[in-house]
Amino acid sequence: MSTATDTQRKAPAGERVADWADGRLGIYSLAKANMRKIFPDHWSFMLGEIALYSFIIIILTGVYLTLFFDPTMSEVVYHGSYEPMQGIRMSQAYASTLDISFDVRGGLLVRQIHHWAALIFLAGMFVHMMRVFFTGAFRKPREINWLFGFLLFVLGMFTGFTGYSLPDDLLSGTGVRFTQGAILSMPIVGTYISMFLFGGEFPGHDFISRFYSIHILLLPGIMLGLLVAHLILVFYHKHTQFAGPGRTNKNVVGMPLMPVYMAKAGGFFFLVFGIIAIIAAIATINPIWNIGPYRPDQVSTGAQPDWYMGFAEGLIRVMPGWEINLWGHTLVLGVFIPLMAFGLVLAIIAVYPFVESWVTGDKREHHILDRPRNAPTRTAFGVAWITEYVVVFIGGANDLWATHFHLSLNAISWFVRIFIFVGPVIAFVATRRICLGLQRRDKEKVLHGRESGIIKRLPHGEFVEIHEPLGPEQLHTLTAHEQYKPVEIGPTVDKNGVERKVPALQKLRARLSKGYYGEDNQIAKPTAEEYKEITSGHGHH
Amino acid sequence: MSSQEIPDENLPAEQGTAHGAVEVADDPFADPGLPAHKPRIQDIDERAAKRSERAVAFMFTLSMLATIGFIASYVIFPVDKIVYIWPFGHVSALNFSLGLTLGVALFAIGAGAVHWARTLMSDVEVADDRHAIEATPEVKAKVLADFAAGAEESAFGRRKLIRNTMFGALALVPLSGVMLLRDLGPLPEKKLRNTLWAKGKQLINMNTMEPLRPEDVAVGSLTFAMPEGLEEGAHDFQNQIAKAALMIIRIEPDNIKDKREREWAHEGIVAFSKICTHVGCPISLYEQQTHHVLCPCHQSTFDLSDGARVIFGPAGHALPQLRIGVNSEGNLEALGDFEEPVGPAFWERG
C-alpha cells in the first residue's frame with residue numbers, strides 16, 4: 001500500500017525543502033553536475049579568488065558607506081567633532097566623509113576596509129591576469145572569458161577612480177582636475193565632453209553626485225554582470241590544470257567542490273576579509289582629514305593617485321609638452337598622446353590571445369597549462385608588457401623617487417622617456433633567453449637525471465657527480481608540453497612555374513610563427529629515442 | 001605536410017590548404033597515470049585526526065570570542081579616544097580594536113575551514129571527464145535547420161520593406177536617449193576664454209583679503225591673489241577661482257628677460273596665472289633665486305623671469321600673464337583680462 005509506506009518513511013525536513021525547490025527550480029539536476037565538480041589544486045589558482053572576495057567585501061562595505069555618505073557639493077561650514085577643521089568651508093560630501101571617519105562608530109574602519117579592498121581587488125585582478133597570461137590559460141575555449149576579465153580590470157580602475165574622487169578632498173579633486181584637463185585635450189569634442197560631464201565649467205556643482213551614481217550603480221552593476229558571466233564560464237569550461245601524471249587535456253584532476261573546495265574557497269573568503277580588516281585596523285589609508293577639502297587653487301606636493309592609476313599618471317608626466325597650433329585650433333598632443341597610449345597599452349594585452357591563435361593556427365581546445373618557460377616568446381612578450389607598465393609606473397611617482405632617493409627629477413623623467421622604448425626590448429630578449437635556458441635545463445634533467453650532490457671518484461682518479469634518473473612521473477611532466485612547428489609560406493612559384501602571390505598578412509604570419517617556434521626560439525623536446533640511447537649506454541651517468 | 005594531422009574543417013579559411021597547420025609531436029614519455037594516494041597522518045592515526053579536530057574547533061571558538069570582543073570594543077571605547085600603540089603610533093582606540101577583533105573573527109573562521117579541508121576531508125584526487133564544448137554535427141544541423149525555418153516563417157528575408165523599416169526604426173530610436181543627455185551641461189562657447197579679471201579690478205591678497213599694494217610684494221616672495229568682488233562663500237567661487245587664481249612675484253626689472261613681461265609688470269611686480277597649462281593643477285612651488293615655479297602634480301617648470309616659458313616637464317605652453325598697474329589709491333589693479341585662455345589647452349584654444 002503506497003499510503004502506508006509514505007507514512008512509514010517520511011523524508012527528513014531538509015530533503016522535503018529540497019524536493020519543494022527542485023519542483024520549481026530543478027536544483028537536483030543543477031547539483032548533479034556541480035555539487036561534486038572537480039577543481040584542480042595549485043597556489044596560483046587562488047589569485048583570482050582574492051579578486052573575487054575583495055569585490056564582495058567592497059560591495060558589502062560600500063552599501064554601508066552609502067547609508068552615511070552625502071554626495072552633494074553644496075557648501076557647508078564644518079562644525080563637527082574634528083577640531084582642526086572647525087569653521088572651514090567644505091562640500092557636504094567632504095563633511096559627511098569626516099563624519100563617517102570621526103562620528104560614526106566603526107565608520108572609519110568600514111571606510112578603510114572599503115578602500116584597502118579596492119586596492120587589493122585591482123592588484124588581485126592584475127596578478128590573476130598575469131597568471132592566466134603566462135600559463136596560456138587564455139587559449140581556446142577561454143578567449144571570451146579573458147576579455148570579460150580584462151573588462152573587469154578596466155572597469156575596476158574607473159570604479160576605483162570615481163570612488164576615491166567622492167570625498168571631494170584636495171588630493172582627489174586634483175585627480176579630477178587632471179582628468180578634466182585630459183578630456184579637454186581631445187580634439188573637437190574635448191570641451192563639449194568636459195562641459196557635459198561637469199555640468200558646466202570645472203569644478204561646478206554636479207560631478208560628485210554624477211560620479212556617485214557611476215560609482216555605486218552603473219559600473220558595479222556592469223561589473224557584477226561580467227563577474228557572474230566570468231564565473232559561469234569558469235564552471236562551464238572547467239578549470240585548467242598543469243600537466244602531470246594522469247592529467248590530460250580530456251580530464252580534470254583534483255578534489256570535489258563539496259566538501260573540499262566549499263571549505264577551502266569559502267574559508268579563503270574569510271581569510272581575505274580577515275586580513276583586509278586587520279590591515280584597515282593598523283594602516284591608515286586616504287586620511288582625507290589631513291589633506292583638507294578641495295579648492296581648485298590649492299594643491300599639496302607628492303600628489304599621487306591610487307596605484308592602478310599610476311600608469312596613467314606616469315604617461316602624462318613624462319610626455320613632452322607637444323602642442324600644434326594650426327588654423328585657429330590646438331592639437332594638445334602632450335596630453336592626448338598619453339590618453340591614447342593608456343588605452344593602447346591596455347588593448348594590446350586584451351587582444352593578445354587572438355594574435356597568438358592566429359599565429360599558431362591552432363583551433364583545438366587547450367586545458368593543460370603551459371609552464372611559462374615552454375612558451376618563451378609569449379612569456380617574453382608578457383614580461384616586456386609588465387616592464388613597460390612598471391617603467392611608466394615609476395614615471396608616475398617621479399617626484400617621490402626624487403625626494404626619497406635624492407635623485408634628480410629631470411634625470412628620472414629622462415630615464416623613463418628612454419626606457420619606455422628600450423625597457424620592453426631588453427626585457428623581451430632577456431626573458432626569452434632565460435626561458436630557453438630553463439628549457440635546456442629541463443631537457444638535461446630528462447636525459448641525464450637529477451644532480452644528486454653525490455661525488456664519486458672513479459678508479460682512475462676522475463671525479464664525477466652521480467645523476468639520479470627521473471621517475472616516469474617527472475619524465476612525463478617535463479615533456480608533456482606541445483611544440484609547434486613554424487608556419488611555412490610554401491613555394492612562391494607554383495608547379496607551372498608561375499609566381500604565386502603571397503598576401504602580406506600571410507608573410508607576416510609566417511615571420512611571426514618563425515619568431516615563436518623557429519629553430520632557435522624553442523629547445524626541441526628530448527625524444528624517447530634520445531633517452532634510450534643515453535640510458536642504455538654502459539652506466540654513463 | 002603537417003596539415004594532414006588535423007581535419008580540414010578545423011583549419012581557418014584564410015590559411016589555404018598547405019600551410020598554417022598545427023604540428024605537434026607525440027609525448028615521448030607515456031603518461032604513467034594518476035599516482036597512488038599517499039595517506040596523511042590524520043588518515044592513519046586517529047590521535048592526529050583528533051588533534052586536527054581540536055585545532056579547527058579552537059579556531060572557530062577564537063572567532064566567537066573575537067566577535068564578542070568586537071561588540072565589547074564598540075560599547076567600551078568612545079569614538080574619539082586616541083591611544084598610543086607601539087609601533088603604530090597614536091591611533092583611534094575604537095578603530096584599532098574593532099578592526100583587530102573583526103579581523104581575527106573572520107580570519108579564524110577561514111583558518112579553521114581551510115585546516116579542516118586540508119587535514120580531515122578526503123584528499124584523494126579524482127578525475128572528471130571534459131566534454132567538447134562544440135556541438136555535435138547533428139545538433140548543429142538541427143539548430144541551423146530550426147533557424148532557417150524560423151527565418152523563413154518570419155519572411156524576414158523576403159519582405160524587405162518590413163526588414164528595412166525595422167532597421168531604420170531601431171537605428172533611430174536610441175537618438176531620443178542621446179537627445180536627453182543634452183542638458184547635462186551647457187555648450188562650451190567662450191566660457192573657457194574669459195576669467196573674472198577685467199580692467200580696474202584690484203588684486204586681493206588671498207592671505208589677508210586686503211587689496212595688494214606694490215610695497216607688500218617683496219623680492220623673493222610668492223603671493224597669491226584673486227580679483228576684487230569674488231567672495232569665498234559665493235556660489236560660483238570654485239569655478240571662478242579655478243580660472244582667476246593669480247601668482248604675484250617681484251623680480252628686479254633688469255632681471256626680466258622677456259620684453260613683454262617687463263612691459264606688463266609694475267615696477268618688476270609680475271602677475272601670472274596660477275593654473276598650470278598642462279592639465280590645470282595650481283602651481284605653488286617657487287624657487288626665489290632662479291624665479292622658476294614648479295607644478296607639484298606633474299613637475300612642469302616655468303621660468304617666471306622669461307615670460308613663464310616652459311623649461312621642463314609636460315606643459316605645452318607658457319603661463320598666461322595678467323597685465324597690471326596701480327590705481328589712484330596706490331593698489332595693484334588689473335589692466336584687463338588675460339589675453340589668452342588660462343589652464344589646460346583645448347581644441348578651440350587656437
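Author: Happy to! Bear in mind that this is a predicted model. Let's start in chain A, where S1(A) and strand S5 (residues 251–256) run antiparallel and are joined by 2 bridges.

Reader: Nice. Which residue in S5(A) is the bridge partner of A:Phe39?

Author: That's A:Met255.

Reader: And what packs on the sheet there?

Author: Helix H11 of chain A, residues 257–282, which touches both S1 and S5 of chain A. The direction of H11 makes about 70 degrees with that of S5(A).

Reader: How many bridges pair S5(A) with S3(B)?

Author: There are 4, and the pairing is antiparallel. One pair to look at is A:Gly254 with its bridge partner B:Val126 in S3(B).

Reader: So what order do the strands take in the sheet?

Author: The order is S1(A)-S5(A)-S3(B), an open sheet of 3 strands with antiparallel pairing.

Reader: Great. Switching topic: how many residues of the two chains are in contact?

Author: On the chain B side 93 residues, and on the chain A side 112.

Reader: Which elements of chain B supply the side that touches chain A?

Author: Helix H3 (93–119), S3, helix H7 (237–244) and strand S11 (309–312) each supply at least two residues. H3(B) gives the most, with 18 residues.

Reader: And what is that side like by class?

Author: The side of chain B that touches chain A has 55 nonpolar, 24 polar and 14 charged residues.

How values were computed: Residues numbered from 1 in each chain as written. Chains lettered and ligands numbered in written order. Predicted model: local features only at pLDDT ≥ 70, side-chain atom pairs only at ≥ 80, totals over all residues. Pairing = 2+ DSSP bridges. Contact = placed C-beta atoms within 7 Å. Axes fitted to C-alpha atoms, helices over the stretch in contact; angles between N-to-C directions. Nonpolar A, V, L, I, M, F, W, Y, C, P; charged D, E, K, R; others polar.
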